[in-house]
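Biologist: Let us go through the model and set each label against its cut-off. I will ask, and you give the value and the rule.

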Amino acid sequence: EAALGGTLAGTLLYMPPECATSQWTQMGDIWSLGLTFLFMVTAKTPFHEYLQRPSSELSPRHGHELHTSFDPPTHQLSPINIYWKCAIQKLIPTIPTSELKEDVLALLHDCIQHDPNKRWTATELKTHRVFRNVNT
């Protein structure tokens, strides 16, 4: 597939790691789709464990103490810092393996791969076992 575009646009936490090197292809959409599935089945933003607390949680005006230190074991980061860790250090979001069915875990694994060539294509995903009983 030929590389597409030239302009980056989108939500950083859903952006495929290859965008950092301008090597984006349509397989980047599979990464983003995997993260969207992850959000759907967990109701948590991908990389939520690394995100900074919302300012409303930090504001003393809302009855909360101002937090000045990071909670272990990870530092809380901005979305751009999380994206760069994803792109350069191959960070992937936490997937709650004990909470999800095997078929769903397989789907997430088949989409959320740093190497775009290891991700399933859209055609392959249509045949994924998660979708076997879905009427088309």
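Biologist: Which exposed residues does the face of α3 turned away from its buried side carry?

Modeller: That face carries Ile88 and Gln89. Exposed means over 50% relative accessible area, buried under 20%, and partly exposed in between, with a 1.4 Å probe and protein chains only. This is a predicted model, in which local features need pLDDT of at least 70 and side-chain atom pairs count only at pLDDT 80 or more, while totals for chains, interfaces and linings use all residues. Residues are numbered from 1 along each chain as its sequence is written, and side-chain values use heavy atoms, with hydrogens and water left out.

Biologist: What puts the buried residues on the same side of α3?

Modeller: The buried residues of α3, which spans residues 79-89, are Ile82, Tyr83, Cys86 and Ala87. They cover an arc of only 130° around the axis, so they lie on the same side of α3. The arc is taken from the directions from the helix axis to the C-beta atoms. The buried residues of α3 pack against α1. After α3 comes Lys90, with a positive phi near 60°.

Biologist: Why does Cys86 count as buried, and why does Cys111?

Modeller: Cys86 has a relative accessible area of 2%, so Cys86 is buried. Cys111 is at 0% and therefore also counts as buried.

Biologist: How many disulfides does the rule give?

Modeller: The count is zero. A disulfide requires a pair of cysteine sulfur atoms within 2.5 Å.

Biologist: Why is Thr42 called buried?

Modeller: Thr42 stands at 19% relative accessibility, so the label is buried. Thr42 belongs to helix α1, residues 27-42. Its side chain reaches the backbone oxygen of Leu38 at 2.7 Å.

Biologist: How many aromatic pairs does the structure hold?

Modeller: There are two aromatic pairs. Rings of Phe, Tyr and Trp (its six-membered ring) pair if their centres lie within 6.5 Å; planes under 30 degrees apart count as stacked, over 60 as edge-to-face and the rest as tilted. Phe37 and Phe131 are 6.1 Å apart, centre to centre, with 45° between the planes, and this pair is tilted.

Biologist: What does the pair of Phe37 and Phe131 tie together?

Modeller: Phe37 is in helix α1 and Phe131 in the segment after α5 (122-126), so the pair ties together parts 94 residues apart in sequence. Phe37, at 16% relative accessibility, counts as buried, whereas Phe131, at 27%, is partly exposed.

Biologist: What makes the pair of Tyr83 and Trp84 edge-to-face?

Modeller: Their ring centres are 5.7 Å apart and their planes stand at 70°, so the pair is edge-to-face. Tyr83 is at 4% relative accessibility and counts as buried; Trp84 is at 37% and counts as partly exposed.

Biologist: What does the secondary structure of the protein chain come to?

Modeller: The chain has five helices and zero strands, in the pattern α-α-α-α-α along the sequence. Helices (H or I, at least four residues) and strands (E, at least two) are DSSP runs, numbered from the N terminus. Of the 136 residues in the protein chain, 34% are buried.

Methods. A polar contact is a pair of N or O atoms within 3.5 Å; within protein, one must be able to donate a hydrogen and the other to accept it, and residues adjacent in sequence count only if both atoms are side-chain atoms. Contact means heavy atoms within 4.5 Å.
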